[in-house]
Amino acid sequence: MHLSRLAERHPDKPAVIEAATGAVTTYRELDEASLRLARLLAERGLGPGDHAALFMDNSPGYFVAAWACQRSGLYWTPVNHHLTVGEAAYIVRDCGARALIASAGLGGPAWEIANEAPGLAVRLIDGDGDPPEGFENLAEAVALVPARERKGELEGYYMFYSSGTTGRPKGILPASIGDPFGTGLQLDHMLPAMFGFGDDTVYLCPAPLYHAAPTGWTLGTMRNGGTVVLMDRFDAERALQLIEEYRVTHAQFVPTMLIRMLKLPEPIRDRYDVSSLRRVVHAAAPCPVDVKRQIIEWFGPIVYEYYAGSEGNCFFLIDPEDWLAHPGSVGRPLFGTPHVLDDEGRELAAGEIGTVWFENEGPPRFKYHNDEAKTARAYNDRGWGTLGDMGRLDADGYLYLVDRRADLILSGGVNIYPQEIEN
């Protein structure tokens, strides 16, 4: 799971294929580029425990930046480039970013964000053209930096922001960083064990990398020696074309994407060979039962669903056979023992609806960055954590989600709070 060891084993293998252009980034190219950038960040004073922000679109450069941060022991936050400048600048300030790395196509808003984030020591633009004032062109900045490993490389950790009901997003601070680089994160080990990821995996990523699952699963694909096919934006027919063209083995969607693919005329759906698929995974939002049945009929018994949160306090999984026997369920826990409680904290019987809490051994798994009050509300007096979801358990221990206690709208797997619309 060490990028440099993977590059030594198969240097010319595609790590990333850019779907829009067909451009390939090999493992050797990705490793060398991330080594140069990691050295540059260290030379500019960033060390383990410091923070970087990535304001980038779905492009191979995102992975160069991500791996450079990851092998430097940094916390790093992907920033949603569809936010307003004020919202994005708040995240950059709040996370304490000392470096901002942005895609060239986002140079204008990146400049505005940087003007509202005075703590930035490093400002880099990835891509062609003249960088905005105060930024350096990344390729030029690293041109003379050697692509050599530094001694004592440490694992960093991505730190995502989750919307809050006040309209201010909150960073989900991981419990710890600093293992030797190559150890991998928990998800990197889960992917081969649960979903069969390996060096023959071809993973289709149709979603924005500023979300947790797309970043975690693409990096996890590479950790296990596979190839990522990266879409710049989702298109239903184009996804099917890519599955056929690149013999995609694994893909992850949100239910909205599945619905759009199902709405394609049957002759178009039948036009493409999707027989290479081994696992189709969905998450992030409730999937209507009838949609799930149609997807299983189309792709076969390879459709898996999971329920988890960036907070990392639970992971539920259900395979197609179990789902057909328990339609509508998100499965049983791989970790995070569920408890359904009423408003007074009393445990409810099977079938009764309440707030879902998760019991884990050891110290709390996460906290909300710079928000002790929200962190305290996420745990009860027994040390169990919650994501704020309402649900019920059946007699067999399968979890069914019913509603959100928090006041929000889900659109395409993304949380939208009324306060954000109001603002």
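A salt bridge is taken here as a side-chain nitrogen of Lys or Arg within 4 Å of a carboxyl oxygen of Asp or Glu. The model is predicted, local features need pLDDT of at least 70 and side-chain atom pairs count only at pLDDT 80 or more, while totals for chains, interfaces and linings use all residues. Residues are numbered from 1 along each chain as its sequence is written, and side-chain values use heavy atoms, with hydrogens and water left out.

**Exercise 1.** Determine which residues are linked with R5 in a network of salt bridges.

Solution. Begin with the side chains of E149 and R5, which meet in a salt bridge at 2.4 Å, N to O. This pair links distant parts of the chain, with E149 in the loop between helix 6 (138-142) and strand 8 (157-158) and R5 in helix 1, 144 residues apart; helices (H or I, at least four residues) and strands (E, at least two) are DSSP runs, numbered from the N terminus. Next, R5 and E8 meet in a salt bridge at 3.0 Å, N to O, and both lie in helix 1 (residues 3-9), three residues apart, about one turn of the helix. R5, E8 and E149 are therefore linked in a network of salt bridges. For accessibility, buried means under 20% relative accessible area, exposed over 50%, and partly exposed in between, with a 1.4 Å probe and protein chains only. R5 at 30% is partly exposed, as is E149 at 34%, whereas E8 at 55% is exposed.

**Exercise 2.** Find the nearest side chain of opposite charge to E311, and describe the surroundings of E311.

Solution. E311 lies in the loop between strand 15 (303-308) and strand 16 (315-318). For charge, Lys and Arg count as positive and Asp and Glu as negative, with His and the chain ends not counted. Leaving aside neighbours within four places in sequence, E311 is in contact (heavy atoms within 4.5 Å) with I172, R365, F366, Y368 and L387.
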